[in-house]
Every structure is written in C-alpha cells, then in structure tokens.
Amino acid sequence: MSITTKTGDKGVTSLLFGGLDKKDSPRMECCGALDELCSFLGLAKSVAKDKFAKALLEKVQNDLFVACSEVATKKSFIHKLNKRLGNNEIAYLESLIKALEKKYISKRCSFILPGENTFSAMLDVARAAARKAERKVVALKREKILKNPFAIVYLNRLSDLLFLMARSYEKPKR
C-alpha cells in the first residue's frame, strides 16, 4: 500500500474510521498542532540524557497520539477508539508538576528567556507548541467538534510540566 493517496492533492484528507475534511479546517489545524508538539517532544527526547526524561517524553508522545486520534475522528465514530485522554493521564502530569514545584518553584518561575542549554530550550519550544495545540483544542471544543473535556486540561497541565522540566534542567541562578 502506497503512502501517496492523492486525496491531499484536492485539499482534503481522510479522517480516522472514514470521512474527509479540508486540510485547512479547524480539525486538521488541531491535528497539525498536536503533530508539531509531538515532533518537538521527539527532538527533546533525542537529546535527553536521563532515562526518566526520555520515558516521560515518550509517554506524553503516546498520549498525544491518543488525543490526535480523537480529533481526527468524527463524533459518530468516537466509540471505535480504544483509548481516550482522561483523569488518569491528567493525574499523572499533576503528580509530576507537584514534585517539580517543590524543588523549582521560585522567582525564576515567571517569564524567562529560553536557551540556557539545548535540552531546556527544546522543552520550552515544546511548551510553546503545547500552548498552541491547547488553543486549537479550545477552538474545536467551542465549535462542538471535540467533546472530550480532558484534552484541554491535559494540554494545559502538559505546558506547565514542560515549563518546570525546562527549569529543572538549568543551572540554578544566584
């Protein structure tokens, strides 16, 4: 089976489980933002030096695949999805945030200039992409294209976690 379907040549793309959507629709814009975020996380994962960071970023990438699957599925086919984002994924992010806040909450956790080192800068780029994806999910929710209320919360927590992770991989300022 070829990856080239030529459907995209007409400005449309296939949805999961059937149907077509315009490539510039809000749904496809959201899928693109989630894909971009997943790719930035993959870049960060590729330079991460510790196993925990690599495993965490891969888990988040898998969660984003789940979110993107839901975005790329018409409401009438949602029941066909094996998994959807929920409380468990959010609780996991919140537990990590709580642990990092105990160590790194300070005056440094306000506006920062990214770029102290490659890994923290990549996490900050991913954080910005998470905020962009969150805005796209909010738009889908408002248009009643996406029903899952956990998607917005997940992306909001993820951006907080990425911010704290980036700070945790920087040298403390004196």
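A polar contact of 2.7 Å links the side chains of Y154 and D63.

User: What should I know about the model and the numbering before I start?

Analyst: This is a predicted model, in which local features need pLDDT of at least 70 and side-chain atom pairs count only at pLDDT 80 or more, while totals for chains, interfaces and linings use all residues. Residues are numbered from 1 along each chain as its sequence is written, and side-chain values use heavy atoms, with hydrogens and water left out.

User: How is a polar contact defined?

Analyst: It is a pair of N or O atoms within 3.5 Å; within protein, one must be able to donate a hydrogen and the other to accept it, and residues adjacent in sequence count only if both atoms are side-chain atoms. E170 has such contacts from its side chain to the side chains of S120, at 3.4 Å, and R167, at 2.9 Å.

User: Is Y154 buried or exposed?

Analyst: Buried means under 20% relative accessible area, exposed over 50%, and partly exposed in between (1.4 Å probe, protein chains only). Y154 has a relative accessible area of 1%, so Y154 is buried. E170, in the segment after α5, also counts as buried because its relative accessibility is 11%.

User: Which residues is Y154 in contact with, leaving aside its neighbours within four places in sequence?

Analyst: Contact means heavy atoms within 4.5 Å. Y154 sits in helix α5, and beyond those neighbours it touches V60, D63, L64, L85, E89, I90 and L93.

User: How do I read the packing of α2 and α5?

Analyst: Helices are DSSP runs (H or I, at least four residues), numbered from the N terminus. Axes are lines fitted to C-alpha atoms over the stretch in contact, and angles run from 0 to 180 degrees between N-to-C directions. Helix α2 (residues 51–71) packs on helix α5 (residues 150–168) at about 160°, with axes 13 Å apart. Angles over 145 degrees count as roughly antiparallel, and α2 is therefore roughly antiparallel to α5. The contact uses L56, L57, V60, D63 and L64 of α2 with Y154, L155, L158, L161, L162 and M165 of α5.

User: At what angle do α4 and α5 cross?

Analyst: The axes of helix α4 (residues 118–142) and α5 cross at roughly 165° and come within 8 Å. That makes α4 roughly antiparallel to α5.

Technical notes:
Helix = DSSP H or I, 4+ residues; strand = E, 2+ residues; numbered from the N terminus. Parallel < 35°, antiparallel > 145°, perpendicular 65-115°, else oblique.
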